[in-house]
Amino acid sequence: MPNNRKMSVFELLERVATEGDAVDFLEECRWGDTPRCPRCASTNVARTPPTAPMPWRCPACRKYFNVRTNTVMAQSQIPLKKWCLAIYLFHNSRKGISALQLGRELGLTPKSARFLAMRIREAMTVDLPLLDGVVEADETYIGGKPRSKHAWQRERDREKREAGVPTRQVVMGIRQRDGKVVAFPIDRADRYNLQMAIGAHVEPGSTVYTDGHGGYQNMHAYNHDWVNHSAGEYVHGMAHTNSIESFWALLKRGYTGTFHFFTFKHLHRYVNEFAYRLNAGPGNDFGVIAETVLNMEGKRLTYKQLIGGEIEFIDRD
């Protein structure tokens with residue numbers, strides 16, 4: 001069930017008042033009462049003396065480790081107390097928090113704040129089991145509407161389209177009526193991509209509601225019904241897409257009001273963030289933070305990976 005408990009920043013700072021408190025909290029989140037080697041999973045580990053390079057040592061593999069090892073926090077110079085506060089702010093901001101605002105809250109440079117934010121988004125990438133029951137599917141476009149752009153921006157977009165460079169990105173979303181949602185960018189909103197996405201994330205035999213897009217027709221593995229938005233129909237019996245469209249509304253409020261643009265390269269990270277926050281529930285207490293810390297394990301995002309390749313910026317909607 002989604003977590004609904006709200007926690008104030010004062011409660012958080014009482015729990016992680018010092019760096020030592022933050023270490024203890026994160027160790028409890030990750031290992032509980034039994035510390036475990038992140039390399040060989042042995043629980044036969046021992047505390048090291050203060051002169052050792054790290055606070056824990058595993059006799060089995062003869063490696064030192066700490067609570068950052070084998071997580072997105074590895075080799076980070078940012079204090080763990082700030083990591084805890086950053087995770088809290090991510091869950092406390094329904095429309096997201098920009099890197100500049102995060103840097104102001106934590107006293108970090110924009111570069112460090114952006115790297116921190118992207119690593120938290122990396123931890124928010126999770127694989128959900130197949131959705132079943134009553135499911136809604138829909139697609140949306142991220143990248144700004146032509147009528148909202150200046151003439152020079154429309155001309156630039158025309159040149160990009162002629163060169164085969166997309167100016168908007170399609171995002172697919174699938175949501176259960178009980179609230180779970182998965183969302184991700186796809187190449188095109190055609191029948192192949194739309195139905196492949198549904199097939200990869202929805203249990204066969206489920207009831208799928210969509211709009212009247214032709215790409216959703218003839219889904220024989222599902223009980224499919226739809227509403228015809230082009231004719232002004234938004235509810236047809238039990239068929240509607242209001243739940244997934246409420247997710248799009250939240251995502252686009254974040255896009256327009258918080259971030260102002262998403263890069264194509266990192267769009268999947270922002271979409272994952274909004275989906276993860278919705279699935280975790282409106283709460284932001286220690287249980288929610290602990291779940292995010294657990295999702296950090298086994299993941300890594302280096303700065304070279306983050307900035308590598310061409311970065312394509314999307315105009316504000």
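**Entry 1: salt bridges**

Which residues are linked with Arg-30 in a network of salt bridges? I looked this up and found that Arg-30, Arg-36 and Glu-297 are linked in such a network. For the record, I note that this is a predicted model, in which local features need pLDDT of at least 70 and side-chain atom pairs count only at pLDDT 80 or more, while totals for chains, interfaces and linings use all residues. I also note that residues are numbered from 1 along each chain as its sequence is written, and that side-chain values use heavy atoms, with hydrogens and water left out.

I took a salt bridge to be a side-chain nitrogen of Lys or Arg within 4 Å of a carboxyl oxygen of Asp or Glu. Side chains of opposite charge can pair when their charged atoms come close. My search of the whole structure gave 12 salt bridges.

Glu-297 and Arg-30 meet through their side chains in a salt bridge of 3.6 Å, N to O. Because Glu-297 lies in the loop between helix H10 (286–296) and helix H11 (303–307) and Arg-30 lies in helix H2, this pair ties together parts that are 267 residues apart in sequence. I used helices (H or I, at least four residues) and strands (E, at least two) as DSSP runs, numbered from the N terminus.

I next asked how covered the two partners are. I used three classes: buried is under 20% relative accessible area, exposed is over 50%, and partly exposed is in between (1.4 Å probe, protein chains only). Arg-30 has a relative accessible area of 5% and is therefore buried, whereas Glu-297 has 27% and is partly exposed.

**Entry 2: two further salt bridges**

The side chains of Glu-122 and Arg-269 form a salt bridge of 2.3 Å, N to O. Glu-122 is in helix H5 and Arg-269 in helix H9, so the pair ties together parts that are 147 residues apart in sequence. Glu-122 is buried, at 18% relative accessible area, and Arg-269 is buried, at 10%.

I also recorded Arg-5 and Glu-11, whose side chains meet in a salt bridge of 3.0 Å, N to O. Arg-5 is partly exposed at 41% relative accessible area, and Glu-11 is partly exposed at 29%.

**Entry 3: the largest pocket**

Rolling a probe the size of a water molecule over the atoms shows where empty space is left. I treated a pocket as an open set of points on a 1 Å grid over the protein atoms alone, where a 1.4 Å probe fits, with protein on both sides within 12 Å along at least five of seven lines; lining residues have an atom within 4 Å of a point. A volume is the space filled by probe spheres set on the points, and grid points are joined across faces, edges and corners.

How much space lies in the largest pocket? I found about 340 Å³. Its lining has 21 residues, and those closest to its centre are Ser-98, Ala-99, Arg-114, Phe-261 and Tyr-270. Helix H4 (99–106), helix H5 (110–123) and H8 each supply at least two residues of this lining. H5 gives the most, with 6 residues.

I sorted the lining by class, with Ala, Val, Leu, Ile, Met, Phe, Trp, Tyr, Cys and Pro as nonpolar, Asp, Glu, Lys and Arg as charged, and the others, Gly among them, as polar. The lining of the largest pocket has 11 nonpolar, 6 polar and 4 charged residues.

**Entry 4: the second largest pocket**

I found a volume of about 240 Å³ for the second largest pocket. It is lined by 16 residues, of which Thr-125, Val-126, Val-182, Ala-183 and Asn-272 lie nearest its centre. Strand E6 (181–186) and H9 each supply at least two residues of this lining. By class, the lining holds 10 nonpolar, 5 polar and 1 charged residues.

**Entry 5: loops and backbone angles**

Ala-41 has a phi near 65°, and its place is in the loop between helix H2 (19–31) and strand E1 (46–47). His-260, also not a glycine, has a positive phi of about 70° and lies in the loop between helix H8 (242–259) and helix H9 (267–280). Ala-41 is partly exposed at 46% relative accessibility, and His-260 is partly exposed at 30%.

Finally, I noted that the C-alpha atoms of Tyr-234 and Thr-263, 29 residues apart along the chain, are separated by 32 Å.
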